[in-house]
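I opened my notebook for a first look at a new structure. Here is what I looked up, in the order I got to it.

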Amino acid sequence: MTDITTEKARIGAPSAQPFINGFTEEGESLSPLNAAESKAPLAGEAVKRHSHGGGVGVPDSSRAGRLTSYKLADFKPLTGMEEDWRFTPLKRLRGLHTEVLTGAAPAVSVTAPDSVKVETVGRDDRRIGSAAIPEDRVSANAWENFTEATVITVPSEVQVDGEVSVLLTGQGTDASAQHVVIVAEKFSKSVVVLDHQGTAVVSENIEILVEDGAQLTVISLQEWNDDAVHASSQQAKLGRDAKFKHIVVSLGGDLVRVTPSARFTAPGAEVELFGLYFADAGQHLEQRLFVDHAVANCKSNVLYKGALQGRNAHTVWVGDVLIRKEAEGTDTYEANRNLVLTDGARADSVPNLEIETGLIAGAGHASATGRFDDQHLFYLMARGIPEEVARRLVVRGFLNEIIQKINVPAIEERLTEAVERELAATNH
Amino acid sequence: MSTLEIKDLHVSIDTEQGTKEILKGVSLTIRTGETHAIMGPNGSGKSTLASTIAGHPRYKVTSGTITLDGEDVLAMSVDERARAGLFLAMQYPVEVPGVSMTNFLRTAKTAIDGEAPKLRTWTKDVKAAMAQLRIDADFTQRNVNEGFSGGEKKRVEILQLELFKPKFAILDETDSGLDVDALKVVSEGVNRAHGEGNMGTLLITHYTRILRYIKPDFVHVFVDGQVVEEGGPELADRLEDEGYDRYATGAGAATIAAASAAAQA
């Protein structure tokens, strides 16, 4: 819309051996203290381990150095000064970072074709921890406190007609923990919708395993009531030639913080991460994503679009894309667009791209935050379109790009209506 | 039969150097069926006149009037003016991301007519008008002006002119940046719209070239925010031969230079 900055990074072949450990000719790439544990620690034996960030006294400037652990005790109490919490108003987390999460978790109701297996399992189920490891205190708190998990399995080679619908209905304002595992087995094809509604204070871990050759779409809808507080870590692990599409839609809730990540474990896989958010007065909607190119020849494409209106509407988008040394042939692009509709709203947008090898197909990032443009308005009004209609036309068009990616007509329709309702609120 | 009447119009803009008067008393009357050409050097205020009629917020009317069949145009909002029957084909049409041409054209037509066009005939009308202007059918799926070339944008402006059927069309340097083929296509479109007999045309141009395809009934020469000479089509021929230089001697070369400088600013 305005001031679009696009940076395409194409770096030449790296030198054979760095002169100083941890440094390349591009400068500091990784904390040397961290190098030994720089591989993504996931599943299997990694479950019992944890990695610390940059170590004592070393800031975790690289996303690779972020502390990950299944144990709450490994994460220090939050101060709000941490890089990954600096935009979040901790006071409004309503204890998700400090309390024992014993409240009733949102009720889970799954509607799925018979070919899909739905189970409720205990903490000791072998699939727990197969795709995710907490990366922050709130996520670890949920991991420590959840009592049962929902496991949804799309069996090998099954192509699911229609979508698997997971309705998560909040049970009130007691701080709670939720756990969902989605397994798309080899060569399966499916769409899973996580539909968050009602009132909840919940920290949620969603594990997503996309096995070799599987194609999975996960759509996470946050249409909470106005008083809901929701932190959701949604981590996907991708096998060879897997295709994963992830769409986050955050409209409702007082504070919603979604942290999706995608980790490549074998070549040939592709991820698309899309997001749409619309913040009204006083709402805090945060999205922090991480794409971990840990192996060669994978592709990622990220696009998040947000609209803001009203006093103290606040959105945060942080996009971390890491191309590790091993990830030659990577092709990645990430972009965030925000449209600020009124005074008094704030959009933070931070695209981070770390590149540890020059032998890549492409890497780019872009961010643009624009006001609703007077020139657009004049053009449309000069064609007889009233201001109110013109404004809707532009916002609807802006967000429609994401809605169109969903490809589930009923949900597309529902979201289009939801956006209309948000826009109608502009008048007040 | 409609009349668009501009009387002693004074218009200023706010610049970093303070308020600057661009139009210094312009009077002009256009009736249905007439084509008026406004010609003049860069910075003479031609485009300011066009934008002021359309109601662009940048331009402040300090005195004078604009009326459409006696109604006070200056009291109307931008969209009200369009609905009253004024159409501005813009010099630099704006790209509107996210809004498809189809959606835009239908929304505008609905606003102007006060009711939604009948779907079947509307689609046919749009298709036919596009074909005549040699606009590819797939443009309807694209976002308004997004990624269009300069010539495509101008053709899409004329497409709107033909579809919206205004009482008065103001063409703000629609010819600039067009090659001869595109110029012909665009001119034919204007002539078709004008030929229906319900429209008056105000053609603003720097060059005489377009006047070979669109025949004006009246020619007004603008210099430094004022009409310095008026006449019939023969005045355009004279301008083609002599250029604007002779007005420079009358008004003073410095004025022209200052006006040009202002236009650059």
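Which strands does helix α1 of chain B lie across? I found helix α1 (residues 46-54) of chain B across β1 (3-15), β2 and β4 of that chain, running at about 105° to β1(B). Angles run from 0 to 180 degrees between N-to-C directions, with axes fitted to C-alpha atoms, for helices over the stretch in contact. Helices (H or I, at least four residues) and strands (E, at least two) are DSSP runs, numbered from the N terminus.

A note on ground rules: this is a predicted model, where local features need pLDDT of at least 70, side-chain atom pairs count only at pLDDT 80 or more, and totals for chains, interfaces and linings use all residues. Residues are numbered from 1 along each chain, chains are lettered from A in the order written, and side-chain values use heavy atoms, without hydrogens and water.

Next I looked up the sheet. Four strands of chain B form an open sheet in the order β2-β1-β4-β5, with antiparallel pairing (at least two DSSP bridges between two strands). β2 (18-31) and β5 (71-72) of chain B stand at the edges with a single partner strand each, so one side of each has no neighbour in the sheet.

Then I turned to the two chains. I see 18 residues of chain A in contact (heavy atoms within 4.5 Å) with 30 residues of chain B. Across this interface the rule finds one salt bridge (a Lys or Arg side-chain nitrogen within 4 Å of an Asp or Glu carboxyl oxygen). Arg383(A) forms a salt bridge with Glu157(B), the closest N and O atoms being 2.6 Å apart.
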